[in-house]
Amino acid sequence: MTVPAGHYLKIPFVWEPGCPVLPQASPLRFRPTPKDWLTKALSEVLATSLDPADQLAVAENGAHRAATMLLALSNTGFQQQPEWWQLAETQASEPVGFVLCSIFARSQDRPVEGTIFYMGVLPVHRGNGYGRQLLDQATRTLEHIGVCRILCDTAACNAPMIAAFRGAGYIEKEGWARPLR
């Protein structure tokens, strides 16, 4: 696929009933994410993100402001409950990352579709398999909510996230060009 100037390639992934939902086997513990911690953690993740849109947002606004702006977008077209946004921590209570599950705002006559609004492993903990554990937790959370499908995407250059989606049994769809702005 040719990607036009000012765009980058996104790879969509879909989970539907029949796709795997792995049992809780992670050594991580999950609990609702404290808002003050989330902004700081999201800032750290954005500052080192592989996603070109994240990189641009950080370059133009700084990591903290980019995190604040991203969190503000969660109220536009999405719905969530506080317990769907989860902090992941080790058994020793050390935070390693977070998952932010949401459903798409919808009319009452359509089935509920969900998404992972954002997820991230703190930079100091990358390379330990936590991304896949976060994805598994997000899938279980959204499946428990009762969504009919989970729609997600990631930048084509984000090989660790692509591997996590594939390993979790998500269905990969054809890539699309997303505008940077």
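The legends below describe close-up views of a predicted model.

Residues are numbered from 1 along each chain as its sequence is written. Local features in this predicted model need pLDDT of at least 70, side-chain atom pairs count only at pLDDT 80 or more, and totals for chains, interfaces and linings use all residues, while side-chain values use heavy atoms, with hydrogens and water left out.

**View 1. Packing of helix α1 against helix α3.**
Helix α1 covers residues 35–47 and helix α3 covers residues 63–73; helices are DSSP runs of H or I with at least four residues, strands are runs of E with at least two, and both are numbered from the N terminus. The two axes lie 8 Å apart and form an angle of about 115°. Axes are lines fitted to C-alpha atoms, for helices over the stretch in contact, and angles run from 0 to 180 degrees between N-to-C directions. The crossing of α1 and α3 is right-handed; this term applies if the near helix is turned clockwise from the far one by less than a right angle, and left-handed applies if anticlockwise. From α1, the contact draws on Lys35, Leu38, Thr39, Leu42, Ser43, Leu46 and Ala47. From α3, it draws on Ala63, His64, Ala66, Ala67, Thr68, Leu70 and Leu71. Contact means heavy atoms within 4.5 Å. Nine of these contact residues are nonpolar, four are polar and one is charged. Ala, Val, Leu, Ile, Met, Phe, Trp, Tyr, Cys and Pro count as nonpolar, Asp, Glu, Lys and Arg as charged, and the others, Gly among them, as polar.

Thr39 lies in helix α1 and is buried, with a relative accessible area of 13%. Buried means under 20% relative accessible area, exposed means over 50%, and partly exposed lies in between (1.4 Å probe, protein chains only). Beyond its neighbours within four places in sequence, Thr39 is in contact with His64, Ala67, Thr68 and Leu71. Trp37 belongs to helix α1 as well. With neighbours within four places in sequence left aside, the contacts of Trp37 are Leu87, Pro95, Gly97, Phe98 and Leu122. Trp37 and Leu70 are 33 residues apart in sequence, and their C-alpha atoms are 15 Å apart in space.

**View 2. Crossing of helices α2 and α3.**
The axes of helix α2 (residues 52–61) and α3 come within 7 Å and cross at roughly 120°. The two helices are therefore oblique to each other; angles under 35 degrees count as roughly parallel, over 145 as roughly antiparallel, 65 to 115 as roughly perpendicular and the rest as oblique. The crossing of α2 and α3 is right-handed. Ala57, Val58 and Asn61 of α2 meet Ala63, Arg65, Ala66 and Met69 of α3. These residues divide into five nonpolar, one polar and one charged.

Ser93 is found in the loop between β4 (85–89) and β5 (95–104). Most residues other than glycine have a negative phi. Ser93, although not a glycine, has a positive phi of about 65°. Its relative accessible area of 43% makes Ser93 partly exposed. His125 is found in the loop between β6 (113–121) and α4 (130–145) and counts as buried at 9% relative accessibility. Not counting residues up to four places away in sequence, His125 touches Glu94, Pro95, Val96 and Tyr130.

Val14 is found in strand β1 (residues 7–15) and is buried, with a relative accessible area of 10%. Residues up to four places away in sequence not counted, Val14 touches Cys19, Arg149, Ile150, Leu151, Tyr170, Ile171 and Lys173. Thr154 is found in strand β7 (residues 149–155) and counts as buried at 6% relative accessibility. The side chains of Thr154 and Asn158 are joined by a polar contact of 3.4 Å. A polar contact is a pair of N or O atoms within 3.5 Å; within protein, one must be able to donate a hydrogen and the other to accept it, and residues adjacent in sequence count only if both atoms are side-chain atoms. Apart from its neighbours within four places in sequence, Thr154 has contacts that include Leu9, Phe13, Met161 and Phe165.
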